[in-house]
Number of protein chains: 2
Amino acid sequence: METKLRELKGRLAEVFDLNMANALLGWDQSTYMPPGGAEARGRQMSTIGTIAHQKATDEEIGTLLEDLRPYEQSLPADADDAALIRVARRGYEQLVRVPSDLIGEIYAHGAASYDAWVKARPANDFAAVRPYLERSLELSRRLANCFPGYQHIADPLIDINDYGMRAESVRAIFAELRAELVPLVQTICAQPPADDSCLRRGFSEAQQLAFGERIIRAFGYDYSRGRQDKTHHPFMTKFSLGDVRITTRVREDNLSEALFSTLHESGHAMYEQGIERSFEGTPLANGTSAGVHESQSRLWENQVGRSQSMWQHFYPQLQAEFPAQLADVSLDRFYRAINKVQRSLIRTDADEVTYNLHVMLRFDLELALLEGSLEIRDLPEAWNARYLSDLGIAPPSDSDGVMQDVHWYGGMIGGGFQGYTIGNILSAQFFATARAAHPEIDAEISQGTFGTLHKWLRENIYRHGSKFTTDELVQRVTGGPLSIAPYMAYLRQKYGELYQI
Amino acid sequence: METKLRELKGRLAEVFDLNMANALLGWDQSTYMPPGGAEARGRQMSTIGTIAHQKATDEEIGTLLEDLRPYEQSLPADADDAALIRVARRGYEQLVRVPSDLIGEIYAHGAASYDAWVKARPANDFAAVRPYLERSLELSRRLANCFPGYQHIADPLIDINDYGMRAESVRAIFAELRAELVPLVQTICAQPPADDSCLRRGFSEAQQLAFGERIIRAFGYDYSRGRQDKTHHPFMTKFSLGDVRITTRVREDNLSEALFSTLHESGHAMYEQGIERSFEGTPLANGTSAGVHESQSRLWENQVGRSQSMWQHFYPQLQAEFPAQLADVSLDRFYRAINKVQRSLIRTDADEVTYNLHVMLRFDLELALLEGSLEIRDLPEAWNARYLSDLGIAPPSDSDGVMQDVHWYGGMIGGGFQGYTIGNILSAQFFATARAAHPEIDAEISQGTFGTLHKWLRENIYRHGSKFTTDELVQRVTGGPLSIAPYMAYLRQKYGELYQI
């Protein structure tokens, strides 16, 4: 058994290494690659993705997984080896259904599509990306159809990112949340708007980056196993558990942009940095789902990063860093500015209360595209109509409308958005659990220390990697299933106070 | 035939892409990777190197090459397809002799050895790297012994980097050159030394980098297909013909360091950028040998970059950039400073005249190690003895002695040094040919324009990639075989004037 397990781990490590190499090719594409590298980069990512897929679906892995079944069953379900074999089998059974050629096409198309989007977005040229989106939709349908027997064509794509969820279950959660959010947004938006002009006074890039770094070092992001670079669209990526990187973008006329994206990505990164090191090179060495991943980024960005307690400590430092811009701005005014609720155009800039409305409309549009009830050519119009009906504003351009997010332009349509709202819900549920277990967390945060919280997250969530499914993890950590109650309670209390409602 | 050729090209492109991905892993390791990434990176490079080797030696490639023989023979020898098949076959026949396991061991050992050297060199701790060197020697011998029938055990290793050369032929060239160089060095060193203190006055890093960039843009290095980053040891690397990068290191107390390494690496990079684009993804899309590659870097660094003509144009700009440091330094004094000849310890800092003595002693020591007439444990002593006899100085430490160059610590001993001197010889031979064909080149250089020279190099050398062997290329370009005469004539004229001898 030991030989077979070692053989399995060797094969899984080979696949892991190929995937990590491809992640580096992607990171470089988004950070430092000169324009001339684009064409070959797409082909290279496709080549390596295809080889990784071939290696991952080698039937020898299937045989090993079969041979290891008695050993797996002899172990407790939460033993590392049992989890490794179980999660490896789940991945294998998923991947063997997808032809390697399709994987190659998806990678090659994804790189070309991303390149087209990077050029077309500043030019507000939807026509230039339309054929890429059409191809993305076709490839996404082909991928979904590798998993016949689904209820909804989006189900297999959702399952890849958020194992165990389906269009129907996501819709049910979203409907429940929407019913509570819409009236809350209406009530808040009936109040006088917060004044966030203090965030737009001109802040030097280098100082912004240094200040963001100071906060996330305090959070516990380990720079000896990571770094931050600049990109068009902030993201977290990793090349091993010892090398987990983040990116950000900076606008000198908007202090929020880099600051909160940095806190956000650091949450993703601390999750990966906190995974049990002995899982390195195995399928356990990843966060367990898009939703749980997002819960960690949103927890640090919002539950911590937009809290009054944290800024009690950091705001005087921020004022000292930017005296010309902030000396006359009180903590209270700054706190209201970074929590301003408004109906806005851009998802990534949206406040905590309206954010989920941005996600839900994308999720609905994705389902409609996959179902065939919406055509790509009608997508900008449908997008604008939903912004008008759900958020009360119409995008003035496709750049700030249907072309604002990288997701669909990365080559896949479907399965990519629900995790954001699941993450918001779970961020509140996990944070409430942590605070209940350690009431001292609030006082520590107001002193700029985060050790108790970070340790609790590492012990309860990070270290497990993909060992538990989302459902198992939520049950294990919070003692119950996913629930919107803590999230709504958090929003009502915080924004009730802020807007005196 | 067309189908078979397409099939061959597809397989070669897959290998090319894997090798390019590995090059990116290496670039990242030397530029941006955080320390925590080191362990996994070594494993990843070994994994990808092993897969690339397996793919490159797939017997299907051998069959295709056999099947394509009649087609190859039906073409003129200098047809692109004929060259592709010929060069692919040469590579295949070389690689199939080496077991994949050995490749994996070499990659893994190379990363570990490099890591040990990075730590041991600042600590002057030869004992710490000695076991790595012993293993490198063992692996190098095992690699050489995959090619039985050699005259000298170094021959197969030399052949990998400089196809067609052998220990005996290199020794013959080196002996001829040495006989001329040694008295020249003696004569120059008997003169009063040049004063290069003006290069050590404190130059800001950002300005140095910007100035280097200005010059290599004028040379014709294409930034839309490249970029420059900082590293410990300058190098050129490429990820496709559209993405050819260089690195440099900067010392604020030494203007030469970054400046001339930038010019040097830009020469390597322009060679790769100039390769016929239709060769992309094939074994033709590489410079043809280490020697010819080095001829291009040295041509731009020395023949052009240390010439009086070039600085007639650029020196006033350099003075304007650094007025506090250079306003009182005449062009003549600067020109003498950047061409100061002295017996020194460090190869990469050595002037054009003594440089080859540094190379020759390394080459001799490599041969002795491979032959078994020198043991690793005796290497520091042998090194110091040769520096004393050849250059008249003894290294005060192993850090600035036997541990100064990365080469042996990258995991291989042998085949890595002769190219530097071959390159110096060829740089003069090629440059003399270009000037004879286009006498206007000198006047253009003194006006800061390099179009005629760059075009001549592209037409005659760059675009061919690996299509011709070194011998074929030298014959084709210069009308004769490799000769030290133009190089010695260049040195005698330039340094004769400089030192009035």
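**Note on a predicted two-chain model**

1. A:Asn124 counts as partly exposed, because 15 C-beta neighbours lie inside 10 Å. This residue belongs to the loop that runs between α6 (100-120) and α7 (126-144) of chain A. Its backbone deserves a remark: the phi angle of A:Asn124 is near 55°, which is a positive value in a residue other than glycine.

2. B:Gln500 is not a glycine, yet its phi is positive, at about 45°. B:Gln500 is placed in the segment after α22 of chain B. With 7 other C-beta atoms within 10 Å, B:Gln500 is exposed.

3. The overall form of chain A may be described next. Chain A contains 22 helices and three strands. Its C-alpha trace spans about 70 × 50 × 45 Å along the principal axes.

4. The interior of chain A can be described by burial and by contacts. Of its 501 residues, 47% count as buried. When contacts in chain A between residues at least 6 apart in sequence are considered, 73% of them join residues at least 24 apart.

5. How are the two chains related to each other? Chain A is superposed on chain B by a rotation of 179° with 0.2 Å of shift along its axis, and the RMSD is 0.3 Å. The two copies are therefore related as by a two-fold rotation axis. Among the residues of chain A, A:Ala21 comes closest to the rotation axis, its C-alpha lying at 3.5 Å.

6. The interface between the chains takes 30 residues from chain A and 30 residues from chain B. On the side of chain A that touches chain B, at least two residues are supplied by each of α1 (2-31), α2 (38-56) and β2 (236-240). By class, the residues on this side of chain A are 13 nonpolar, eight polar and nine charged. Because 100% of the interface residues of chain A are also interface residues in chain B, the copies meet through the same surface.

7. Helix α1(A), which contributes to the side of chain A that touches chain B, also packs within its own chain. Its partner there is helix α3 (residues 59-67) of chain A; the two pack at an angle of about 145°, with their axes 10 Å apart. The crossing of α1(A) and α3(A) is left-handed. From α1(A) the contact draws on A:Lys4, A:Glu7, A:Leu8 and A:Arg11, and from α3(A) on A:Ile61, A:Leu64 and A:Asp67. Which classes of residue make up the contact of α1(A) with α3(A)? It has three nonpolar, no polar and four charged residues.

8. Helix α16 (residues 355-371) of chain B and helix α18 (residues 418-437) of chain B cross at roughly 145°, and their axes come within 8 Å. The crossing of α16(B) with α18(B) is left-handed. In this contact B:Tyr355, B:Asn356, B:Val359, B:Met360 and B:Phe363 of α16(B) meet B:Gln418, B:Tyr420, B:Thr421 and B:Asn424 of α18(B). The residues of this contact are five nonpolar, four polar and no charged.

9. B:Pro486 is located in helix α22 (residues 485-499) of chain B. It counts as partly exposed, because 18 C-beta neighbours lie inside 10 Å. Leaving aside residues up to four places away in sequence, B:Pro486 touches B:Ala428, B:Gln429 and B:Ala432. The C-alpha atoms of B:Pro486 and B:Phe430 are separated by 8.9 Å, although these residues are 56 residues apart along the chain.

10. Is A:Ala167 buried or exposed? A:Ala167 is buried, with 23 other C-beta atoms within 10 Å. Not counting residues up to four places away in sequence, A:Ala167 touches A:His152, A:Ala154, A:Asp155, A:Ile158 and A:Leu367. Between the C-alpha atoms of A:Ala167 and A:Arg86, which are 81 residues apart along the chain, the separation is 24 Å.

Methods:
Residues numbered from 1 in each chain as written. Chains lettered and ligands numbered in written order. Predicted model: local features only at pLDDT ≥ 70, side-chain atom pairs only at ≥ 80, totals over all residues. Least-squares fit on C-alpha atoms with pLDDT ≥ 70 in both. Contact = placed C-beta atoms within 7 Å. Helix = DSSP H or I, 4+ residues; strand = E, 2+ residues; numbered from the N terminus. Buried ≥ 20, exposed ≤ 12 C-beta atoms within 10 Å, placed from the backbone. Nonpolar A, V, L, I, M, F, W, Y, C, P; charged D, E, K, R; others polar. Axes fitted to C-alpha atoms, helices over the stretch in contact; angles between N-to-C directions. Left-handed = near helix turned anticlockwise from the far one by under 90°.
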